[in-house]
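Hello,

Here is the structure I promised to pass on to you.

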Amino acid sequence: MVQIFSDTAPEVEDLQIQQMRDMPPWRKLQMLAELNASAHMMALAGLRRRHPQATETELRRRLADLLLGADLARQVYGELDENA
């Protein structure tokens with residue numbers, strides 16, 4: 001088997017891959033949801049640093065730009081108030 005991660009021993013990597021294969025689908029989905037929530041939290045933290053005066057509403061709107069792209073976010077949520 002080809003090694004995927006250069007910082008992980010091949011036998012450990014094989015074990016990790018086998019554990020993922022043996023994992024029930026609900027657990028894989030749960031892990032994915034947790035990773036997604038973590039990514040959203042990190043993105044919001046970055047937005048808070050770049051826009052310290054922004055309200056939570058504006059931050060969530062900016063997050064929509066990141067997740068959906070500016071065009072779709074504008075169609076769904078309206079214009080972003082840059083003066084806020």
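**Charges and salt bridges**

The protein chain carries 10 positive and 13 negative side chains, and the centres of these two sets are 4 Å apart. Lys and Arg count as positive and Asp and Glu as negative, while His and the chain ends are not counted. Each charge is placed at NZ of Lys, CZ of Arg, CG of Asp or CD of Glu.

Before going further, please note that this is a predicted model, in which local features need pLDDT of at least 70 and side-chain atom pairs count only at pLDDT 80 or more, whereas totals for chains, interfaces and linings use all residues. Residues are numbered from 1 along each chain as its sequence is written, and side-chain values use heavy atoms, with hydrogens and water left out.

Side chains of opposite charge can pair when their charged atoms come close. A salt bridge here is a side-chain nitrogen of Lys or Arg within 4 Å of a carboxyl oxygen of Asp or Glu, and the count comes to six. Among them are these:

- Glu58 pairs with Arg62, with 2.8 Å between the closest N and O atoms. Both residues sit in helix α3 (residues 56–68), four residues apart, or about one turn of the helix.
- Arg48 meets Glu56 at 3.0 Å, N to O. Arg48 is partly exposed at 35% relative accessibility, and Glu56 is partly exposed at 40%.
- Arg74 pairs with Glu79, the closest N and O atoms being 3.4 Å apart. Arg74 is partly exposed at 34%, while Glu79 is exposed at 61%. Together with Asp71, Arg74 and Glu79 form a network of salt bridges.

**The chain as a whole**

You will find four helices and zero strands in the protein chain, giving the pattern α-α-α-α along the sequence. Helices (H or I, at least four residues) and strands (E, at least two) are DSSP runs, numbered from the N terminus.

How far does the C-alpha trace span along its principal axes? The figures are about 55 × 25 × 20 Å. Buried residues make up 18% of the 84 residues. Of the contacts (heavy atoms within 4.5 Å) between residues at least 6 apart in sequence, 4% join residues at least 24 apart.

Happy exploring!

Technical notes: Buried means under 20% relative accessible area, exposed over 50%, partly exposed in between (1.4 Å probe, protein chains only).
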